[in-house]
Structure formats: C-alpha cells, structure tokens
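This report describes the architecture and selected side-chain interactions of a single protein chain. The sequence and structure are shown first.

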Amino acid sequence: MSEDTKQPFKSKIGGQALIEGIMMRGIDTSAMACRLPDGTIDVETWRIRNGKTAPWYTKTPFIRGCFNFGVSLWDGLKCTMKSAQKQITDDDEEEDPEEMNRFERWLSTKLDGEHGKEIMNTIMLVVCIAAMIIAVCVFKFVPAALSSLLKYAGAPQWTKTVAEGLIKIIMLVGYMWAISNMGEIHTTFMYHGAEHKTIFCYENGLDLTVDNVRKQTRFHPRCGTSFIFIVVIISICVGMFLPWTNVWLRFGLQLLLLPVEASIGYELIKLAGRYDNLFTRIISAPGLWLQRITTKEPTDKMIEVAIAALTPCIPEDKSDDKW
C-alpha cells in the first residue's frame, strides 16, 4: 500500500453476515464470500449502481433512508438464501425416493434443476419477508396493548408511554440474546464480528491480514444493530405524541410512521459513521452496547472469509470511498 492508502479514514463500505459467510457492499461493487463445506472460500462479485448513476431518491436526505434500507434488506435476504444453498453438499441432496411420501416426490420433481431452485428461492424470500412483516406488527402492537392495560389502574398517560418503551427495549434485547445462544445464529454473529473487524482494519489503513484484523474492535457505529436500536428509540420518542384513546389507532399510526422513523435513523447512522464527536458517540452508545450480543469474536478462518469479501469492494481510487 502507498503512504496515502495507509492514512486512517471513514469508509462507505458496509456488510452483512451470512450463513458461513459475509456480504460486502462497496461503491460500485458488491461481493459475498462463503466458507464451503470442503473448506475452500467461494467468492462472488457483482456490479452495483454508484452514487453518480444511482436514482435521486437514493441520494436525497430523509428520503433515501427507506429506499436504501429496502435495497440492503432485499440484497441481504437473497445473499443469505444463496449462502445457505452453498452449504448443501451432494450427499445432502441425495434422498432415497422410496423413503419420500407422494407429496415429497412431487415437490422434488418440480424443484429439480435451476428453474426449481429459482422457485424455491422465491418461496423462501416471500416467507422471510412475510415473517419480518409479522414480527414488526407484533413488536409494534404487543407493547401498546400491554401498556394500555395500565388504564385500569388509573395510571396517567405518560406511564403508558414509558411502559411501552421499556417493553420494546426488553423485547428487542431479549430476542437478540435468545437467538445469540442458538448454534447457527451464534456462528453468524461471529461472522458479524469478523465483518466489523475487517472494515475497521481497512479504515485504519492497515494491510488486510488476519493478524491486523484480529486486533480491531468488533463494535462498529455504522451497523444494522445500531440502526435497529436507534429506530426503536425514535419510535419511543414519537410515541409520546400519539394518542392512547384507542390501541388499534395507536398501532396503525405507529405503522404509518415507521418509514419516517427509519429515515431519521438512517441519517443518524450515516452521521455516526462519518463523524466522531460527542453527539455521534451518544447516539451510537446504545447500539454499540447491543453489539456485545449481536457480534462475537471470530476465528481466523472467519476473518479470512471477511477479507475475501471486502477485497473486491475496495475501489482503485481510494478517494471515491471517502465521505
């Protein structure tokens, strides 16, 4: 690397942990790297529209948040599905037809080949999207419904809002903690830690080696975990101004305001990734704390995968990657 390349800076590159792998999104290139069952690293790259050619609505403040988050979510789901498929070996795919029931044999016939895989991917994506919609509705409705019960105790309005906020935080942290103890999710959180460490190594201007990456912190302010926590905090603040006359009305207004909350959260995350000052440290603190659950220390082999995913995303002209 040149001396200029070795100067610390704030990168725009972001990533996501997958099943035994990592996806990185750069300025004009995205890549995903996965550790295959045979121990090798499989890397795929594809071109993306950069800031100069991207549509206006992906660049306009307070509008871009929802669109960019939607694109990231969609790409992340597709890459997650693809990474899971890469873990299936030929032995896993082989199944004795005599041990299948009639429906399983029909399904196996219909889903055989590339066309069948496309159908299966579509089904899985629809299921994942539906599950997330249900999860958001539950996360919005249950705290409001439980908090509204305080009216029978004659509690004032503000206590309902405080209770609703506390329930939201408990549900979020509790859910993250619960899934972090599941085998596959724990491994994914280790890859999440490798992703953060590798980006930090790149931002600090160090050569992308396992030793250099291992020394970095796994807590990054520009992270999806931090984004989720910030949106939750914003929703609690917004909830102070919503009526408690009807829990269904409150629930509906919260859903309608979710894009606004996400847009504000997106702008705050970008600020946290770009600047390091008292304000950004304050807004980053809750998300960084939650990352103690959603990121784990990776193995050297996981770091190798993260390096393989990040390397193709680094632009030739480093100035293109500066804020």
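The model is predicted. K86 is buried, at a relative accessible area of 18%, because the limit for burial is under 20%. The side chain of K86 forms a salt bridge with that of D42, with an N to O distance of 2.9 Å. D42 is partly exposed, with a relative accessible area of 23%. Both residues also take part in a network of salt bridges that links D42, E44, K82 and K86.

In the whole structure, 15 salt bridges are found. One of them pairs the side chains of E304 and R35 at 2.9 Å, N to O. E304 is in helix α11 (residues 300-310) and R35 in strand β3 (residues 29-35), 269 residues apart. R35 is buried at 12% relative accessible area, whereas E304 is partly exposed at 33%. A further salt bridge connects the side chains of E297 and K197 (3.3 Å, N to O). Here the loop between α10 (278-294) and α11 supplies E297, and helix α6 (residues 183-203) supplies K197, 100 residues apart. K197 is buried, with a relative accessible area of 2%; E297 is partly exposed, with 42%.

## Overall architecture

The protein chain contains 11 helices and 4 strands. Of its 323 residues, 40% count as buried. Among contacts between residues at least 6 apart in sequence, 70% join residues at least 24 apart. The chain exposes about 17800 Å², of which carbon and sulfur atoms supply 63%.

## Packing of α1 and α9

Helix α1 packs against helix α9 (residues 247-274) at an angle of about 85°, and the two axes are 7 Å apart. The helices are therefore roughly perpendicular to each other. On the α1 side, R64, G65, C66 and N68 meet residues of α9 including P259, A262, Y266 and K270.

V232, in helix α8 (residues 224-239), is buried, with a relative accessible area of 6%. Not counting residues up to four places away in sequence, V232 touches F139, K168, I169 and L172. The C-alpha atoms of V232 and I169 are separated by 7.5 Å, although the two residues are 63 apart along the chain.

I63 is found in the loop between β4 (41-47) and α1 (64-85) and is partly exposed, at 33% relative accessibility.

Technical notes: Residues are numbered from 1 along each chain as its sequence is written. This is a predicted model: local features need pLDDT of at least 70, side-chain atom pairs count only at pLDDT 80 or more; totals for chains, interfaces and linings use all residues. Side-chain values use heavy atoms; hydrogens and water are left out. Helices (H or I, at least four residues) and strands (E, at least two) are DSSP runs, numbered from the N terminus. Buried means under 20% relative accessible area, exposed over 50%, partly exposed in between (1.4 Å probe, protein chains only). Axes are lines fitted to C-alpha atoms, for helices over the stretch in contact, and angles run from 0 to 180 degrees between N-to-C directions. Angles under 35 degrees count as roughly parallel, over 145 as roughly antiparallel, 65 to 115 as roughly perpendicular and the rest as oblique. Contact means heavy atoms within 4.5 Å. Accessible areas come from the Shrake-Rupley method with a 1.4 Å probe; for residues, only the protein chains shown count as cover. A salt bridge is a side-chain nitrogen of Lys or Arg within 4 Å of a carboxyl oxygen of Asp or Glu.
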